[in-house]
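Here are a few friendly notes to read with the structure open beside you. Take the points one at a time and find each residue as you go.

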Amino acid sequence: MNLYSHLARPLLFRFPPEFAHRLTLASLRLPGLAKLLTGNHPAPSDPVKLMGLSFRNRLGIAAGVDKNAEAPMAWKQLGFGFAELGTITLHPQPGNPTPRVFRYPSRQALINRLGFPNLGAQIIAQRLSAARDRNDFGDFPIGLNLGKSKVTPLDKAPADYLASFKILHPVGNFFVVNISSPNTPGLRDLAKPDDLRRLLSTLQEFNRSTTTPKPLLLKISPDVGNSALPEIVAATREFQLAGIVAVNTTLQRTPEDAAEAGGLSGRPLTSRALEVTRLIRPLLDKEQILIGVGGVMNAANYLTRRAAGADLVQVYTGMVYLGPHTAWELLKTS
Ligand SMILES: Cc1cc2nc3c(=O)[nH]c(=O)nc-3n(C[C@H](O)[C@H](O)[C@H](O)COP(=O)(O)O)c2cc1C
């Protein structure tokens, strides 16, 4: 019997999604709980070196799960190969009014319109710096996802991202520029070629001036038209980004999906996320990597995403439905 699907999930699903999420994060901070939940099984092993970093396997936690770097050690103990924390903004901000996360179990989906609630770059950098001093992470790469503060106007976006990047640069192993969340007004406009080039050049100019430049990736939306993809990928090549994270949540709905406002994730996103992976792979330079995310709900989805060209894969909604054994479930070989 799977304890999560029979016991813990029905219990957690009685609570509003955001409360259940907070409860989960608080529990995972208890030392030893993650290990207890997973029977202390060794993490799935499929080691790979990418972007100069060593990954013990290719499955990671997607951005949004742990926005404030509350439980980074737990993701390691839950068998994952890496974690992307955030989205982090320069200024602390509360996000949108609640309720702002919605579950659709029959569709294995979520809709969220959180709007980047987080404690801000300064506090999160201090948290991560303390964890690094304790040498908590070891061989577990930590990516940090950067977003625009809501109070910052769109034309000042590059300076806002840059300030966060400077604060967080010493404490992340790689960075992801997020221009693709649907819940910050205007954010997706930053995918327009001129704006995108200005943003990427600002961040890379600083990055290259440091003694240890960090791999920088761009996270894109599934809602950009296929015809816009080549120009976006070309910008990442021009500024020598380490790769692309594809994709964020979608605003698209089929008649079966709920009409609730916000970004849709999980099963309804699987096929579009796979399509974007397939379209982007041949456009990237050889050295660039692709992180595939969106609707990876089972081992078959994981393998298909890998076969479509994803070097690494991430999960968020799948974990809400699968629980603490997600890494073993998605990475099982038979
Ligand atoms: C509740 C929730 C919050 C999210 N927050 C963020 C975020 O802060 N930054 C980000 O780049 N993506 C965020 N995402 C998007 C996920 O990282 C991922 O790209 C998307 O959900 C698709 O993957 P999935 O189908 O496995 O959930 C969020 C997703 C969910 C469901």
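Predicted model: local features only at pLDDT ≥ 70, side-chain atom pairs only at ≥ 80, totals over all residues.

1. A backbone N or O atom of Gly294 lies 3.5 Å from an oxygen atom of the ligand. For Val247, a backbone N or O atom lies 2.9 Å from a ligand oxygen. Thr317 uses its side chain instead: one of its polar atoms there is 2.6 Å from an oxygen atom of the ligand. On its own the ligand has 600 Å² of accessible area, and the protein covers 98% of that.

2. Which elements give two or more residues to the shell around the ligand? They are strand S4 (82-88), strand S6 (109-112) and strand S11 (263-266). In total, 25 residues surround the ligand, and the closest are Ala63, Lys67, Thr87, Gly295 and Thr317. Sorted by class, the shell has 14 polar, nine nonpolar and two charged residues.

3. Next, look at helix H10, which spans residues 299-307. Its buried residues are Ala299, Asn301, Tyr302 and Arg305. Viewed down the axis of H10, these buried residues fall within an arc of 160 degrees, so they line one face of the helix. Leu303 and Ala307, on the other side of H10, are exposed.

4. What do the buried residues of H10 pack against? Their partners are strand S3 (59-61), helix H9 (270-280), strand S12 (289-293), strand S13 (312-315) and helix H12 (326-330). Just after H10 comes Gly309, with a positive phi of about 120 degrees.

5. Leu229, Ile232, Val233, Ala235 and Thr236 are buried in H8. Down the axis of H8, the buried residues fall within an arc of 150 degrees, so they line one face of the helix. The cover over them includes H7, strand S9 (216-220), S10 and H9. After H8 comes Gln240, whose phi is positive, near 50 degrees.

6. Now find Ser201, which sits in helix H7 (residues 193-209).

7. Finish with Asn248, in the loop between strand S10 (243-246) and S11. Is Asn248 buried or exposed? Asn248 counts as buried because its relative accessibility is 10%, and buried means under 20%. The side chain of Asn248 makes polar contacts with two serine side chains: that of Ser180 at 3.0 Å and that of Ser181 at 3.3 Å. Leaving aside residues up to four places away in sequence, Asn248 touches several others, including Asn178, Lys219, Ile220, Ser221, Pro222 and Leu269.

Conventions: Residues numbered from 1 in each chain as written. Heavy atoms only, no water. Helix = DSSP H or I, 4+ residues; strand = E, 2+ residues; numbered from the N terminus. Near = heavy atom within 4 Å. Polar contact = N/O pair within 3.5 Å; in protein donor to acceptor, adjacent residues only side chain to side chain. Areas by Shrake-Rupley, 256 points an atom, 1.4 Å probe, with all protein chains shown as cover. Nonpolar A, V, L, I, M, F, W, Y, C, P; charged D, E, K, R; others polar. Buried < 20%, exposed > 50% of the residue type's maximum accessible area, 1.4 Å probe, protein only. Arc of directions from axis to C-beta. Contact = heavy atoms within 4.5 Å.
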